[in-house]
Amino acid sequence: MYERIWANWQDFVEKLDIYPMIRPYLETSQITIHEVPAKTCISNAADEGYRIVYILQGSVKVVSLTYRGIRILLDEIGVGSFSGHISRMRGYSFDANIIAETPCVYLEFPDQLFVI
């Protein structure tokens, strides 16, 4: 399935401004491409690690839960944007869920590319 998704998106990805920087990681499968239906949880706040995603198609909502269980919309993100556990890279622990609002295709970056 991964090969099918990559085949459909390779030309698009190769035209991105970030492609020269991410090419070596794509070639070694350190950055992966994913396709999910609407309403899929792309990144759960409880996940360990620093999951960072780059949206190629679709839109996502970034939401957090209060201690009382109330869902708060933090942001809506679309094509050409990064999202994920970015606060953890800065030493903070502000966690949120990333939920696909529409069918989405995204690149997923591993911890090692962002943690120094």
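Entry 1, the model. I am looking at a predicted model. I asked how much of the chain is buried: buried residues are 35% of its 116 residues.

I counted 3 helices and 8 strands in the chain. Reading along the sequence, I wrote the pattern down as α-α-β-β-β-β-β-β-α-β-β. I then looked up contacts with a separation of 6 or more, and 74% of them join residues 24 or more positions apart.

Which strands form the open sheet, and in what order? I found 4 strands in the order E2-E7-E4-E5, with antiparallel pairing. At the edges I have strand E2 (41-43) and strand E5 (71-77), each of which pairs on one side only. From one strand to the next, the twist averages 35°.

I picked E7 and strand E4 (residues 60-65), which pair in the antiparallel sense over 4 bridges. I looked for the bridge partner of Val 62 and found Ile 98 in E7.

Which residues make the nonpolar surface patch of about 370 Å²? I listed Ile 70, Ile 72, Leu 74 and Phe 94. I checked the place of Phe 94 as well: this residue is in the loop between helix H3 (86-89) and strand E7 (97-100). Strand E5, an edge strand of the sheet, runs over 71-77, and I noted Ile 72 and Leu 74 among the patch residues.

Definitions and conventions
Residues are numbered from 1 along each chain as its sequence is written. This is a predicted model: local features need pLDDT of at least 70, side-chain atom pairs count only at pLDDT 80 or more; totals for chains, interfaces and linings use all residues. Side-chain values use heavy atoms; hydrogens and water are left out. Patches are made of residues with over 30% relative accessible area and no salt bridge: like charges are joined within 9 Å, nonpolar side chains (Val, Leu, Ile, Met, Phe, Trp, Tyr) within 5 Å. Accessible areas come from the Shrake-Rupley method with a 1.4 Å probe; for residues, only the protein chains shown count as cover. A salt bridge is a side-chain nitrogen of Lys or Arg within 4 Å of a carboxyl oxygen of Asp or Glu. Helices (H or I, at least four residues) and strands (E, at least two) are DSSP runs, numbered from the N terminus. Two strands pair if DSSP finds at least two bridges between them. Axes are lines fitted to C-alpha atoms, for helices over the stretch in contact, and angles run from 0 to 180 degrees between N-to-C directions. Buried means under 20% relative accessible area, exposed over 50%, partly exposed in between (1.4 Å probe, protein chains only). Contact means heavy atoms within 4.5 Å.
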